[in-house]
Amino acid sequence: MKNLLLIIFILSVNLGCRKETDSVIEDDVITRWNLIAKYNFPGDGSGDFIALNSNKNIEFLKSGKVRSNGNLCNFDPDTDVPTEATQSIKNSDIILNPINCPGINLHVLFIASDTMDIYYPCIEGCIMRFKKIK
């Protein structure tokens with residue numbers, strides 16, 4: 001009987017403990033967005049959005065941080081370099097500041113409740129359009 005109580009106690013202690021990790025728990029994600037298009041303006045008035053089939057996603061977390069499976073530091077649809085960013089509000093604009101990219105400020109504009117544009121600093125206008133993932 002004592003052995004049975006000891007086993008139950010050890011199991012309850014082991015099941016009650018959770019290993020701490022640096023990964024974000026799924027419940028910490030507020031919204032998730034997928035890259036659907038990119039806008040290049042060549043300077044002659046002919047710029048337009050080009051549809052993309054990209055796996056690049058951005059997640060806004062409860063902590064106020066933003067993370068992406070792709071590089072937020074440049075205007076690239078690839079997912080080879082995951083990055084994180086902080087967000088701030090300046091003059092009622094949402095600004096993303098990618099970590100490890102000093103001086104890069106990305107302006108966020110919500111076109112609709114399910115569409116978000118991120119403006120990258122460049123001469124001709126560089127915009128990435130994201131669709132909210134349900």
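Which side chain meets that of Lys 131 in a salt bridge? In this predicted model, the partner is Asp 114, with a distance of 3.0 Å from N to O. Because Lys 131 lies in strand S9 (residues 126–133) and Asp 114 in the loop between strand S7 (106–112) and S8, the pair ties together parts that are 17 residues apart in sequence. Lys 131 is partly exposed, at a relative accessible area of 32%, and Asp 114 also counts as partly exposed, at 21%.

| Salt bridge | N to O distance |
|---|---|
| Glu 59 and Arg 67 | 2.2 Å |
| Arg 129 and Asp 117 | 2.7 Å |
| Lys 131 and Asp 114 | 3.0 Å |

Strand S9 also holds Arg 129, whose partner Asp 117 lies in strand S8, so this pair ties together parts that are twelve residues apart in sequence. Asp 117 counts as buried, with a relative accessibility of 1%. Elsewhere, salt bridges that share partners join Arg 32, Glu 59 and Arg 67 into one network, and within this network Glu 59 counts as buried because its relative accessibility is 11%, which falls under the 20% cut-off.

Strand S8 (residues 115–120) is also the place of Tyr 119, which is partly exposed at a relative accessible area of 33%. Together with Leu 109 and Ile 111, Tyr 119 forms a nonpolar patch on the surface, and the three residues have about 250 Å² of accessible area together.

Definitions and conventions
Residues numbered from 1 in each chain as written. Predicted model: local features only at pLDDT ≥ 70, side-chain atom pairs only at ≥ 80, totals over all residues. Heavy atoms only, no water. Patch = residues over 30% accessible without salt bridge, like charges linked within 9 Å, V, L, I, M, F, W, Y side chains within 5 Å. Areas by Shrake-Rupley, 256 points an atom, 1.4 Å probe, with all protein chains shown as cover. Salt bridge = Lys/Arg side-chain N within 4 Å of Asp/Glu carboxyl O. Helix = DSSP H or I, 4+ residues; strand = E, 2+ residues; numbered from the N terminus. Buried < 20%, exposed > 50% of the residue type's maximum accessible area, 1.4 Å probe, protein only.
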